[in-house]
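User: I'd like to learn how to read a model like this one, feature by feature. Can you walk me through it?

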Amino acid sequence: MGAGLEKLAALREDPYAPARSWKERTGGKVIGYFCSLAPEEMIHAAGALPVRISGENRVISKSGAHLQSYCCSLARTGLDMALEGELSFLDGTVFVHTCDTMQRLSDIWRLNAGFVFHGDVVLPVRFEGDLARDYEVKELSYFKERLEEYLGDIPDDALAESIKTYNRNRSLLSEIYGLRLENPGVLSSVDALTLAHSSALMEKSEHNTFLEEVLEELKSTGPADGSKVRLFGVGSLMDQWDFLGMLEAVGATMVDDDFCNGRRYFDALTPEDLAPVEAVAARLWERESCPCKHLTKRDRAARLLDRIRRSDARGAFFFLFKFCEPHGFDYPYLKAAFDKAGIPSLLLEIEQGSVSIEQLRTRVEALVETIKI
Amino acid sequence: MPVAGVDIGSLTAKAVVMDGNEMIARSLIPTGHNSREAGRRALELALEEAGLKESEVDAVVATGYGRLAVDFEAERVTEITCHARGAHFMHPDTRTVIDLGGQDSKAIAIDERGKVLDFVMNDKCSAGTGRFLEVMAHALEIELDDMGELSLGSKSPASISSVCTVFAESEVVSRVAEGASKVDIVAGIHQAIASRVYAMAARIPIETKILMTGGVARNIGVVRALEAKFSREICVPEMPQHTGALGASVIAREKAAAAV
């Protein structure tokens, strides 16, 4: 493991270290967000640092008074961190209306977490039709105005510059994922996902430097162990590094994924030939979607199966947060499509803070045995 | 060339010794707190019955949750694969296996060769497992082994709506206080288990023949309740608790043959 990768790997333990030191160094504002559909480039162009908040493995204490036990652990542990003062490096937070929990969490957060800036981005439920597109651009323009009131003007050329920096990051991650498809042994599943996940935790141009270094290193690495069973991961956010380590230990590797801190985070580039706000809108529209945005004209199962085929994965695992409604609703339909296509799959439901790796190991091993025998 | 399979479950450890196509010995002991020791002891007992020394066995496969803990030389295979193979060995026309063990329950869809097609397992909750029945037997002050026969006499099973072991126990206590008979309560408990297992198993294709394995298969009340729920006959093998160990020994036999 090179020095760059080692530094990024350390963020698995202390994800907000870069945000805290950036704030100390620059005196700038840090804006947190939960959903990867947040228009990060706008926050970046305003000179602030966008940082993804994704909860953590912990037993909650204070958030239990605000959220029912059937809310996902992302919401419950994330709010708990805020109420415990552990996110005090944040100056504000942005919520994208995706699921009901996130919509309600936004208001509970606004009323209880005590950050100066609070933004809501209410994107269309379906990214389809002219009306929805007009609305999306207007909503993003309105959000930009709200940001400007707090952070100061966001000139078009600054936004265009941020878009370039972000696109560079997306291209680099895409290239690294591509190298792994060819030669998965070159980088473990844990490290590959760490590269994408860490992108949302630090200043983008700084992350680009890390990625460039890692990419150079990977390019000079020869063919690595290719004997592991190739699997495809599906879900919202994957932050269970021990699970991915176990996956490798039982002879499997995640060659590609549909996680919003993995492939979906860097999927699609923001067009650089459109007016900047329209460009941001265009990418969110085109980007591979999670079940929060159901698209009648895009068959999610067919798209996932196509990526499974292209990644030469022999099986798939659904890694879902308990009580995650959108992903839970989509599961039976995806499972039926995977079965029909002959892709063996496994459903794993977890909650941050109570993941039992040993129980999951038996299931994963059984899937691997099913594929191998 | 004799081979052995050892299945270390949460409540019991089982071993099976096979020679050729025949099972020649088997053992079953409580797992206790030390699964490594239990696995070793189960293997020793089965070997003793077979009149063999450990060195005379060509291959051993360990399975069950204690499979990683064993200290004898053995290949490790999950209980899901082993149950599938064991079920197929006993009844080759089996396409669905329902295994209700000490602390977990699972449903496995298998093909005509005994290969796993799909499976589901209970999560962290022990409702519908042997442990659940143990708690209920204790609450009702009856013997675990008597529950099955007892429940068959019920004309109106009590309603047990909770699927949580802890809450179901208090529900059972409430039913006793309301004056429900033990017979009806036990029948209600079996129905609650059947509903829960059915809901889990519905996630995989249920083909014609269901084979039920694991310690709970010895409870005829649960078997009947499951038959009613699935609307099909459920076959219980002669030694349901040994299915995993048997499957492990079938795999061991293949490994030994491949090594020659």
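Predicted model: local features only at pLDDT ≥ 70, side-chain atom pairs only at ≥ 80, totals over all residues.

User: Which residues of helix α10 of chain A are buried?

Analyst: For burial, count neighbours: a residue is buried if 20 or more other C-beta atoms lie within 10 Å of its own. In helix α10 (residues 241-249) of chain A that gives Phe243(A), Leu244(A) and Leu247(A). Looking down the axis of α10(A), you find its buried residues within an arc of 95°, so they line one face of the helix.

User: And what covers the buried residues of α10(A)?

Analyst: The cover includes α8 (189-199), β6 (252-258) and α15 of chain A.

User: How many residues of chain A are in contact with chain B?

Analyst: As a general point, the size of an interface is often given as the accessible area lost when the parts come together. Here we count residues instead: 9 of chain A are in contact with 10 of chain B. On the chain A side, helix α15 (residues 357-372) gives the most, with 6 residues. By type, the side of chain A that touches chain B has 2 nonpolar, 3 polar and 4 charged residues.

User: Now chain B. How many helices and strands does the secondary structure of chain B come to?

Analyst: Chain B has 8 helices and 10 strands. As for burial, 53% of the 260 residues of chain B count as buried.

User: What share of the contacts in chain B with a separation of 6 or more comes from residues 24 or more positions apart?

Analyst: In chain B, such pairs account for 70% of those contacts.

User: Which domains does the assignment give for chain B?

Analyst: Read the ranges carefully: domain 1 of chain B is 1-91 + 241-260, and domain 2 is 93-236. The C-alpha centres of these two domains of chain B lie 26 Å apart. Their contact takes 14 residues from domain 1 and 19 residues from domain 2. Helix α2 (residues 79-90) of chain B supplies the largest share of the domain 1 side, 7 residues. That side divides into 4 nonpolar, 9 polar and 1 charged.

Key
Residues numbered from 1 in each chain as written. Chains lettered and ligands numbered in written order. Domains from an automatic or database assignment. Contact = placed C-beta atoms within 7 Å. Helix = DSSP H or I, 4+ residues; strand = E, 2+ residues; numbered from the N terminus. Nonpolar A, V, L, I, M, F, W, Y, C, P; charged D, E, K, R; others polar. Buried ≥ 20, exposed ≤ 12 C-beta atoms within 10 Å, placed from the backbone. Arc of directions from axis to C-beta.
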